Each structure stands twice: as structure tokens, then as C-alpha cells.
Amino acid sequence: MLDVSSAVVRYGAIEALHGISFEVRQGEVVTLLGANGAGKSTTLRMLSGLHAPTSGTITFEGQDVTKVKAHMFSSMGISHVPEGRRIFPQMTVQENLEMGAFGRKDNYDDDMEKMFVLFPILKERRKQLGGNLSGGEQQMLAISRAMMSHPRLLLLDEPSMGLAPMIIDQIFHIIGEIRDAGTTVLVVEQNAAQALRLADRGYVMENGAIAFSDDAAKLLHDPRVRAVYLGESVD
Amino acid sequence: MKTFFQNPRVQRSGRTALILLLIIVMTGPEGSGTQPTAGFTGSFGNHMSFFGLFYPQRWVVFLLLTLIVVGLTSLVKMAHRWWIERQRAGNNAVARVAKTLAATKQRARHRSTRLSLYAVALAFALYFPHLVTDQSWQTLVVQDVLVYLLLALGLNVVTGFAGLLDLGYVAFYAIGAYTTAWVTGSLPTPPPFGVHWNTFVAIPVAIVFAMLCGVLLGIPTLRLRGDYLAIVTLGFGEIVYLFINNSYGITGGSTGTNQIPFLSFHLGPIKYLWGLIPEPYYYLTLAFVVIFLLAFSSLEHSRVGRSWVAIREDEVAAESLGIHPLKYKVMAFAIGAASAGFAGVVTASQTLFVTPPTFTISFSINILVLVIFGGMGSIFGVVLGGLVVQGFVAYLTHSPPSIYNAADLYMYLGALLVVMMIYRPAGLFPSRRRRREVSQVEAGTAPDTLQVEIGAHRVQEDV
């Protein structure tokens, strides 16, 4: 579905991504793991058109999207939940969701109802301002806002950032539901344990390159991952 | 434990007093080489009329003014508090009045009530020239109130709706006025196709030309944000001013032109000439104010309006949802420029002359004052703010009180703006959303914007 091959991203003289390649197949949850500065966010910025790769290609459903601009992605079926959630603080929950459906010309009331089923708390908070929601609620709002455009691929940037463990559980559970409903998900995470338990496959990034990849279940037991991301010492 | 000086009311009053003090000195007599301190001592010592009531020393006048401002604002606050306390105490009479007020407010939200209110306002506006028959007044109302309203409404789209601070807005006004002069053949530059066109032809040409300049300026500069954009637009305003002031062969230079013909049309048997009488101009300008009002208020709630709000609140998020920020920002710029261009045509064709000194930076600031005073992003507020401020300016121009010196106008406007920021930072009648934005920033309870900032920095540092 999504194919990235030897993509290089530079910030001026610094090469942030040294030719990374990975793929996301239809119906999977794929996770991109890595420490701070490994290049995860740069990868997502590249995938959402905020920073074009200097070389390499990105194809989505067989189409070359390497040079596509950021605002075009949502109409192509890729939705991005940015890092730090970035909901509109002065808009109500409902207005935020309406903005999510900006590119759509058809009626989206059903989809809003679906989001309210997925996140009942948002229905309660419907008339409240986005900025007055708690961190977890904002994350839920950001995800449902991104889902309002009916994406076939959902990109999530650190959905667990700054949230309580219970809320993280809930959000990951719902990401699973979104996958089951037919949307492919690519999630960038530092919380490796959570992400790997949900994902089908995982890629581990180090210093702007993909160090290794495997099925999520295997990565969860991989000593290299356990040592670095799950805080266990290697015997 | 808070000290006396930390009391916000004391602080506000103190700041107000400081501003008025500054005004005493600035509007007072000038010093001279032989008596360098005369400007300072004279500012306090000289006598001056207090609204014609009595004739005290200047410092007494300003002390009284300070007391009036502070007194009025605290009176309003006290009355409000008294009101709320009575309501809590279950005072019947107060409760009944409060209920009626709430009901009125509710009714005001109704479409029909609103429409009838607008109809009354429009009827009043239409009847106005019969109410005020003095022609010098009518001229002032057109030139100092209605034209400014057109400009303020346009700037409100740029600054209020899209959140782009434009300090060079006057440039588009100048472009409109000079295009009129050009099209009608009043400039050294030959008019298009060598024909001295009717002034009406200048209207679409000026609008399109101003819009085009807005787009051309917007495309490269609107990638900038906040202060940077303000500086670039400021520079643009200066460039246009310097160009019209210095290109004698093209624009007539510092003398400009005074050859612009009146508006007129001549279609078969129908002839009309907008002559020296201001009334026809009043109706023409009023018609356009109404058209702009209708157009901009429907724009506010349209798809375009919503994407402006989204871009204003979080550009990256807006982009990720499929909104092309540059496109919508340029659109706001072009719409603002078009209204300024049109205002330029009206001014040029009514005053019959255009000269560069009209189009300086202080003019841009004047328009910005109207927008900020009324309440950024709120059309109702901007109209009301424009009417109040420019109405007052027109009054000062028409019959200046002895206390007032025309050269000090911008100082008073500046002081008004500062005092406004102290007491009502979101403007007189802010839009609901803007009021929330300002109050949250003030109280420091804008958690998400803070987070967004941090997020943005992190993205940039995550290299």
C-alpha cells in the first residue's frame, strides 16, 4: 500500500534520513520505533508532505507521491495525526471534527456519529472547546478528526505522548478497532511495548536509518529491542 | 500577600494616568533653543479650556480627564458587581430586569430580530442626509467615515479573519486611487489605449489591479508568519509611497494630480453626474458599504471563513486536513486589497485629487485602530468601532474644540488604542472566538497553544 524506497531527507547540510526503505501493507498496523533523534518524526514529516525527500521515492497505492504537497495528502486517502495533537483550541469538538471533513463534499454526519461511538466522551464534550479538553481527550479528538476524511492510511505521531497509562491503553485499543474497520495504520512511537503489542510489524530506527525490522511479536522478544526500548538488561 | 500596587485596578489606573501624562507633554507647547524646558513647563503651566466650562491650568485639565476615565471604568465595574450581588440576593426587581435582559439577548440572536435591527439601521443611514443637511458635514461623513469603514471592513478580512497583520494596507488604497487617476487620464502616464475613460471604468480596473498587487505581494510573503509578515507589509507600504512620491514622470510625484473627473454616467437617455454635492457620493459609498458587509459576513461563515479560522489557530494542523494555507491567505489578502482599491476610487473621484501624503504609514495604523478598537474579526464590532472613532474624528475636523490641535490626532488615536488594550484587549465587540483567544492568552490558560509551540520546536529540533 505504502512503499518508501531509499528515501533521503536533508535539513540543509545535515542528512537526517540516510536512504530508508520500508513498506506498509493493506490492513496492517505498522510501527516505527526509535529513540529521540532517530528520525521517526522526520519520516512522518516526509510522509505527510511537510518535508520532501531529496532522493528516493514514496508510492501510495501504486501512485508516486514523492513530490505531493502536504495539503493534498488528505484527499489522496492519507491522514496525519501530528505530534502534539494540534487540535484547534478555540473550536468546539464538533467544529474540530467538521474541519476534519474539510476536503469532503458529501454528507459526513454518519461518520461523525461513528466517531462518537468510538469515543463516547467526545459526544459528551461536543460543544466544549478543544483547548479545554484533557490531554487524552485531545488525542482522541485528533484521531477522530483525522478519521473524518475517510483515510485509507492513518499516520499517527506519538499518540501516547504525555498521557496516563490507562488512557494510552484505551487509545491503542481504539487504534486496533480502527484497523479492524479497514484503515491501515502507521504509528510512530517511543512506547515500544504498547506499540508492538498492537502492531503486526515493526521497524526500528537508529540514527536516521532503519536498523532492523521484523514481525511485532518477534520484536517484542528481540533482546536488542528489549534492551534499548523496554528497559531490560541483556543477559 | 498582594501589595497595593499589585492590585490590577490600581495598575490599570496608573497606566491610564501615565498615558494621559504623556499626552499632556506631547500636545503641549514646543520648547525652543533659548528656553529648552518651556515645552515641559508650558505643558503643565499654561491655561487651557476644559470643554468650554472653565479655564484652568493644563495639568488640572488632564488630571480631571484621568479621573473621568478611571472613574467611569470603575463606576461601570461597581455597577456590574452591585447588579450581580443583588441578583444573588434574590432582589425581585433586579431579577425581573435581568430576566427581561436575558430574553432580549436571546431574541437578539434570532434571525428575524437581527434582520429588523439591520433594517432600522439601514433606514436611518438612508435618511441621514436629510437629518444632517450641512454639506461640509456630509462630505466629512463620506470621506472620514464611510471610506474608512470600507477600508476597515477590508482590513478586518486580512487581520481579523485570516489573522495576518498587514501594516502596509494603505498601499492598496493608494493603488486604487492612482489607478483611478491613471484610467481617467489625469496622470503624466497616458491612460490605457489613450482614452480618458469614465471614472466608472476605473472601479473594476482599480479593484482588479489592487487584487493583483495583493496576490503578487502575497504569494512570496505569506509564507512568513506573524512579525515577519508585518515587517514585509510595512516595507511594501513604504515602497508604494516612495514610488508615487518620487516618480514625477509616472505619478506626478509629490504634487500628485488634481485633474480627476467626477463620477458620471451617460447611457443613452440616462445621465447622471456626481458633482460637488456630497449627497450622491454618500449614497454610492453607503451602497458599497452595505454590499461589502453582506459579502464579508457571508464569507465569514463559509468554507473559506472556516479555513481562515483553522489557519489562524494552527497552520500545520490545517494543512494536514487538506487546507492549502497559502491559497487561503492569498485569498484574504486579495479580498482586503480589493476593498481598499475600491475605497481608493471613491476617495479619488470625490476629492478630485490624489497626493502622496495621504498614503503614509499612519493611515494604515489609523485603519488598524478601527479594526482593533471595534474588535478584530467581528464585522459588527468593526462597523461600530469605525462609526464611533471616525465619527469623533469627523467632529473634531468639523468643529475643533480649542483644546484640540489637528496635528495631534494620531497621538489621541494611539492613546485610545493603548487605553483600549488596558481595559478591553479584545476590542469593543469582539467576535466570540476572538474574545476567547485573547482572554486565554491573558490568563495564561492556553494549554494547547503552549503545547503546540513546544511540539513545533521539537519537530524542528528532531533532526
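Me: What should I know about the numbering and the model before I start?
Reply: Residues are numbered from 1 along each chain as its sequence is written, while chains are lettered from A and ligands numbered from 1 in the order in which they are written. This is a predicted model, in which local features need pLDDT of at least 70 and side-chain atom pairs count only at pLDDT 80 or more, whereas totals for chains, interfaces and linings use all residues.

Me: OK, chain B then. How many helices and strands does chain B have?
Reply: Chain B has 19 helices and two strands, where helices (H or I, at least four residues) and strands (E, at least two) are DSSP runs, numbered from the N terminus.

Me: And what domains is chain B divided into?
Reply: Chain B has domain 1, residues 2-105, and domain 2, residues 133-427; such bounds come from an automatic or database domain assignment. The centres of these two domains, taken over C-alpha atoms, are separated by 33 Å. Where they touch, 12 residues come from domain 1 of chain B and 11 residues from domain 2 of chain B, and two residues are in contact if their C-beta atoms, placed from the backbone, lie within 7 Å.

Me: Which elements of domain 1 of chain B give two or more residues to the side that touches domain 2 of chain B?
Reply: They are helix H1 (8-27) and helix H3 (58-89) of chain B, and H1(B) gives the most, with seven residues. By class, that side of domain 1 of chain B has six nonpolar, four polar and two charged residues, with Ala, Val, Leu, Ile, Met, Phe, Trp, Tyr, Cys and Pro counted as nonpolar, Asp, Glu, Lys and Arg as charged, and the others, Gly among them, as polar.

Me: What share of the residues in chain B is buried?
Reply: Buried residues make up 36% of the 463 residues in chain B. A residue is buried if 20 or more other C-beta atoms lie within 10 Å of its own, exposed if 12 or fewer, and partly exposed in between, with C-beta atoms placed from the backbone.

Me: Which residues touch the most other members of the largest nonpolar core?
Reply: Among the 159 residues of that core, B:Leu150, B:Ala210 and B:Ala332 touch the most other members, and helix H6 (residues 135-161) of chain B gives the most to this core, with 16 residues. A nonpolar core is a set of buried Ala, Val, Leu, Ile, Met, Phe, Trp, Tyr and Cys residues joined through C-beta atoms within 7 Å. Leaving aside neighbours within four places in sequence, the contacts of B:Leu150 include B:Phe288, B:Phe292 and B:Phe342.

Me: Why is helix H12 of chain B called largely enclosed?
Reply: Helix H12 (residues 303-313) of chain B is largely enclosed by the rest of the structure because eight of its 11 residues are buried, among them B:Trp308, B:Ile311 and B:Arg312.

Me: Switching to chain A, how do S1 and S4 of chain A pair?
Reply: Strand S1 (residues 2-11) of chain A and strand S4 (residues 55-60) of chain A pair in the antiparallel sense over five bridges, and two strands pair if DSSP finds at least two bridges between them. In S4(A), the bridge partner of A:Asp3 is A:Thr59, and in S5(A), the bridge partner of A:Thr59 is A:Asp64.

Me: What do S4(A) and S5(A) form?
Reply: S4(A) and S5(A) form a hairpin with two residues between them.

Me: Last one: which residues of strand S6 of chain A are buried?
Reply: In strand S6 (residues 78-81) of chain A, A:Ile78 and A:His80 on one side and A:Ser79 and A:Val81 on the other are all buried. S6(A) pairs in the parallel sense with strand S7 (residues 153-157) of chain A over four bridges, and A:Val81 stands opposite A:Leu156 in S7(A).
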